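Subject: Structure handover

Hi there,

Here is the structure I promised to pass on. Please have it open while you read, as my notes follow below.

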Protein chains: 4
Amino acid sequence: MNDRLLRVALLGQGFMGKAHSNAYAQAPHFYDLPFRLRRTLLCGRDKTSLAATASRWEWEEISTDWRSAIDRKDIDLVDIALPNYLHAEVAIAAARAGKIVLCEKPLALSLPEAEAMVDAARGRRTMVWFNYRRVPAIAYAHELIEEGRLGTIYHYDAAYRQQWGPDLSRVGSWKLDRAQAGSGVADDLLTHLLDTALYLNGPVAEAIAVSRTFVPNRAIDDAFEAMIRFDNGSLGMFEATRFAIGCRNANTFQVHGAGGMLRFNLERLNHLEFFDATQPALEQGARDVLVTEMKHPIFGNFWRPGHIIGYEHTFIAALAEFLECLARDLEFHPDFADGLAVQRVLAALQQSVTTRQWTSVAEARV
Amino acid sequence: MNDRLLRVALLGQGFMGKAHSNAYAQAPHFYDLPFRLRRTLLCGRDKTSLAATASRWEWEEISTDWRSAIDRKDIDLVDIALPNYLHAEVAIAAARAGKIVLCEKPLALSLPEAEAMVDAARGRRTMVWFNYRRVPAIAYAHELIEEGRLGTIYHYDAAYRQQWGPDLSRVGSWKLDRAQAGSGVADDLLTHLLDTALYLNGPVAEAIAVSRTFVPNRAIDDAFEAMIRFDNGSLGMFEATRFAIGCRNANTFQVHGAGGMLRFNLERLNHLEFFDATQPALEQGARDVLVTEMKHPIFGNFWRPGHIIGYEHTFIAALAEFLECLARDLEFHPDFADGLAVQRVLAALQQSVTTRQWTSVAEARV
Amino acid sequence: MNDRLLRVALLGQGFMGKAHSNAYAQAPHFYDLPFRLRRTLLCGRDKTSLAATASRWEWEEISTDWRSAIDRKDIDLVDIALPNYLHAEVAIAAARAGKIVLCEKPLALSLPEAEAMVDAARGRRTMVWFNYRRVPAIAYAHELIEEGRLGTIYHYDAAYRQQWGPDLSRVGSWKLDRAQAGSGVADDLLTHLLDTALYLNGPVAEAIAVSRTFVPNRAIDDAFEAMIRFDNGSLGMFEATRFAIGCRNANTFQVHGAGGMLRFNLERLNHLEFFDATQPALEQGARDVLVTEMKHPIFGNFWRPGHIIGYEHTFIAALAEFLECLARDLEFHPDFADGLAVQRVLAALQQSVTTRQWTSVAEARV
Amino acid sequence: MNDRLLRVALLGQGFMGKAHSNAYAQAPHFYDLPFRLRRTLLCGRDKTSLAATASRWEWEEISTDWRSAIDRKDIDLVDIALPNYLHAEVAIAAARAGKIVLCEKPLALSLPEAEAMVDAARGRRTMVWFNYRRVPAIAYAHELIEEGRLGTIYHYDAAYRQQWGPDLSRVGSWKLDRAQAGSGVADDLLTHLLDTALYLNGPVAEAIAVSRTFVPNRAIDDAFEAMIRFDNGSLGMFEATRFAIGCRNANTFQVHGAGGMLRFNLERLNHLEFFDATQPALEQGARDVLVTEMKHPIFGNFWRPGHIIGYEHTFIAALAEFLECLARDLEFHPDFADGLAVQRVLAALQQSVTTRQWTSVAEARV
């Protein structure tokens, strides 16, 4: 069954490189993959660390030039875990070379870049690593909403709160460099919120945002807030910040509809709170559902009920589902088009920061 | 409707005196009482504070001798909020004088005392202030269990954890004096747990307990633990302690049955956690039910949904329900017989501490 | 000490009338008031219920005409618990008649009305019933912030989520009638959020808001959202809604500053979460502080540590503190000027809903 | 550095076989191991599944006879993940053959068996897979206690609550077969509680327990409860059950000492609640510490702060630390002697179930 070979080149050896390497190593352990994966090539700029990383994660070869991944005929899949500013160039080259292309989020630095990427990748299989779609609790939330359990949605609020913004030891990270990162929390945290929102609550009609840089002379945004009107009529409040002291990695949302409420926090990623307004009035209450049943989405591939999983499993599941769709010629999401959809909303938000005007997503141009 | 007069004498001006005074003052505000209550007489030993307390809570007269409450013909109801060691003597005298008798918990210092009180009160209306039966969440838990929502009960665990045991400023309190209090946490906290357990889970078959005094030369128990076998076959773990540093007033229980779970903590008294095992498997989770609906037991007499109540309301509700039963000649619980039932279990537990043997409640003699 | 008499007229016999009546009845029980309070006059339109309410809460006289409270010389204090549209007229009349004036929130239907009220009340003692300032946890949050424990504030987010918006049984309530209520959640819930925000985080510079009416043909707003820039540079996200299915009375805020975080939810009003970023890194975590210590603000007047209080106590405490300030000729907040400050921010928000523009509070005119 | 080779034979291909396989696969990815691990041999009885499992987890060879692992000279380490009844025989054989021996918990079916195992393993390096010692939160709790942060311990309560006891689909599992499992929750869940208790709170002096079988004709215990007196004077309440409907995998403890409280729940394994009683009184509260800092024990080997880990990581960490100690000739815990210590307490508990008497651990003989 898995005699079909897929030769992977991973570009990037940072934190995401580690998360992706782990996914390639672990997916065959937990999923019946339709392909045999070979970790053929690891590309990175720092040669010293590259050899060690490759050795640790069993990549067969290394290169300090990402173009070698594109040029080699024996690479089937190129996985881009590079700083944001390189996504477009690399992805377009890879797509043109006929590769399967996986790309870390955000898809691009700008809407035009993202559009060019989608154009270039037409006919190619792609994935954007919005890994949180594969949190079992989020996938399960999606199921409940799709089944209509929340009815008409009134409110979709989301926040991604981290606290490392004031941490001077992080100065020098490419994430704080406008040229490499594009922006601050907007590209980094807000795009996660937006992808989850589009996944759970559908398209955005218009929005207005404000950003703030708390550290003097920092060229990127430390915090970003937005009010959003969704196509389905619901209202959204969004906040992304690295200055929420007290919150480590609190990627949260809460959705209120006629049928009830869903509430989530990534720091408790095995849990989903579900308030079912169709229950008898006296018995209603937000349930703390431990999303670790064998029949919950995703979880059953890993351990047993109550034996919780963590951050890394979302990457494993994303990869495994992508490969399954690839083998069976099924649609997979999020692909580059989904990444572009996020970029389009982000463009509207960023435009609104500048113009201080409500901005229609359809008309955004950044 | 409420032209029938009920003249009350309250004995005691401490913390419980305040809680009871408040109940008499507030019950007419929140309930359509079948009686007009008159706060006729407040008895207490310390004359100075007595006048001030009476004035503050609008007691018409004062006396430093509790016997005056018994002797006066114009007193209908005697409410005993005195240190434990006085309960039996006063209650028996009041009952013999034909009074309605309300008594703070624990009913007595010993099983024989409690039996004598029940004997003396035969034909009289009585109440023991196990006020926590009137926490809406506990009353609602009772309803759910009575309806069979939990099915066969497997486990009934309870703990009452406070932290003031090491607090030297409390030395001198009658609660730490064996002669006045009878025991430490056993009479004080454990009796609350036992009354709630008997209310929710029925009679106890046998038990074994252990106590501990952490403070050198202290004559009472600082902590008390027990394992219990209930008549219904369920197992119980009980803990009462004043040395649970970190817990202010954590009177908790959790019950597991074939049909689900209930969980409660007095520090969050407006909440009841309910796990319904009959729900679809993927949707199961402990619900945080805010027990503040108008149709939840008790709550509707006070405010509106979500406008929470507190400690004092349990006294108001207990009094109001007692008066309602009195007027309509209905059974009321907990009465002295219920207080005796608690005492009987406590006697078995205390006996087991001494003998270090499992002890049948039926055979307990202390 | 309390031989000075204060004769009160309460206008209104609805839910707020009950909450205020309770405050007058209970304040003398828990506080050493500098005045003897007399519940002299209760005014309300429905004569039938009025007599019953007056009897229940021991108001000496009744009147169906609020003007009698103004006209009577033997009334010292007029307390307005009427629908919003009557606040200005009554308060101005009362102030002109030399009364002490207490008024339910919101102060007025519009900014000009509020300004007229402040003008009329110049020289008079006033209070606006923003009772949540007297939640012990909120008062304690104020202390911590004043002491600088949170340092520079980055984010102040607040939401007031209720769920009764779709409830057809509430149709007919004056709260859903534009003429009587002025607006929907804006005047009702958002003003609470704003007063607490001004109290804890200081003045607002500019803001932009959006509102939504989910029920067809309803003339008031069901939901209201805003982004706010505070004078201190922090960003705020605000949401007030009656369509947050799953939330009964979730008046919440969370504040992030350089020194840590505070988080609150009215449904758990005895609790305050405090994250202290000055603690050793490995030990940091949001603390669940039970704000029931005798030395915590407000709580010590009521019961003992861990014996929680509820909604009604905030009214008792507000009244008692007002009377204390009155007797000692000290400033009291929130007074009419504070109510006006809220109104000014609200005006900016409402203006921004119409203009869809960021609006400076200084320039708001509604 | 890691040129030293360690050739592993894993015995068992069930749920634990999977958890151990994952540990061997992942330890080199997250730790700088002092050995190169080779997954040389996987032993299991069912040949069909064995080949698939070996292939999935990259075991080089397979055998249906565990003795081949003992007999082969090219095996350095034998890891026993077999049903309980095989632990003693296999471990003794492996130890006598000079192997490094790792054994799943419980160490043995009886105290004599466990003693024989320790005897046989004298001079050998051993580990018992009490993996929960490597939950970062538990390791951190250990550090805090060792530093004296909790002061004198008063209470150590623990419970392991699962809910699958009534699940008929599990009938047939060796865990429900007395011959293979030895007992029910005692060997399965209670041993986990005991190992953690010995780790955190030290030796047990005496105890009394009770067990219950809720399912008719089931030969093993469904629930087990105990009261424990520790050598340090603290009291313990223990409960292990598969009939706690509503709890998936709630391995919990709470410890109260003069200095504060620690509280843990395996379902939230990245969290540790810490109440520090040395903090200013008004600020005290149980902190929700997210034990995901790089300097928290164990966590730093995996991801970044706030990027949580799960169940499987405890196995990886246990293995890696064992190997580190092995290479550096340092003591490692828990070894067979620690497993024996658990067995000794368990023996006392089981004896007390039969005799219904408090039983000294020193005198237990089962």
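Strand 13 of chain D is covered on both faces: D:H271, D:E273 and D:F275 are buried on one side, and D:L272, D:F274 and D:D276 on the other. In general, side chains in a regular strand alternate between the two faces of the sheet. Taken as a whole, strand 13 (residues 271-276) of chain D has 6 of its 6 residues buried. A residue counts as buried if 20 or more other C-beta atoms lie within 10 Å of its own, as exposed if 12 or fewer do, and as partly exposed in between, with the C-beta atoms placed from the backbone. Strands (E, at least two residues) and helices (H or I, at least four) are DSSP runs, numbered from the N terminus.

Before going on, a word on what you are looking at: this is a predicted model, in which local features need pLDDT of at least 70 and side-chain atom pairs count only at pLDDT 80 or more, while totals for chains, interfaces and linings use all residues. Residues are numbered from 1 along each chain as its sequence is written, and chains are lettered from A and ligands numbered from 1 in the order in which they are written. The predictor gives the complex an ipTM of 0.96 and a pTM of 0.97. For chain A, the average pLDDT (the predictor's confidence in each residue, from 0 to 100) is 97, and 99% of the residues score at least 70.

Back to strand 13 of chain D and its partners. Strand 12 (residues 260-265) of chain D pairs with strand 13 in the antiparallel sense over 4 bridges; two strands pair if DSSP finds at least two bridges between them. These two strands of chain D form a hairpin with 5 residues between them. Strand 13 of chain D also pairs with strand 14 of chain D, again antiparallel and over 4 bridges. D:F274 is the bridge partner of D:L262, and D:F274 also has D:R287 in strand 14 of chain D as a bridge partner.

Strand 14 leads on to the meeting of chains C and D. Here 14 residues of chain D are in contact with 14 residues of chain C, where contact needs C-beta atoms, placed from the backbone, within 7 Å. Strand 14 (residues 286-290) of chain D provides the largest share of the side of chain D that touches chain C, with 5 residues. That side of chain D divides into 6 nonpolar, 3 polar and 5 charged residues. Nonpolar covers Ala, Val, Leu, Ile, Met, Phe, Trp, Tyr, Cys and Pro, charged covers Asp, Glu, Lys and Arg, and the others, Gly among them, are polar. Strand 14 of chain C and strand 14 of chain D pair in the antiparallel sense over 3 bridges, with C:A286 opposite D:D288.

How are the two copies related?

Strand 1 (residues 4-11) and strand 4 (residues 77-80) of chain C pair in the parallel sense over 4 bridges, and C:A9 stands opposite C:V78 in strand 4.

Last, helix 4 (residues 87-96) of chain D is largely enclosed by the rest of the structure, because 7 of its 10 residues are buried. Just after helix 4 of chain D, D:G98 takes a positive phi of about 85°.

Best wishes

Conventions:
Contact = placed C-beta atoms within 7 Å.
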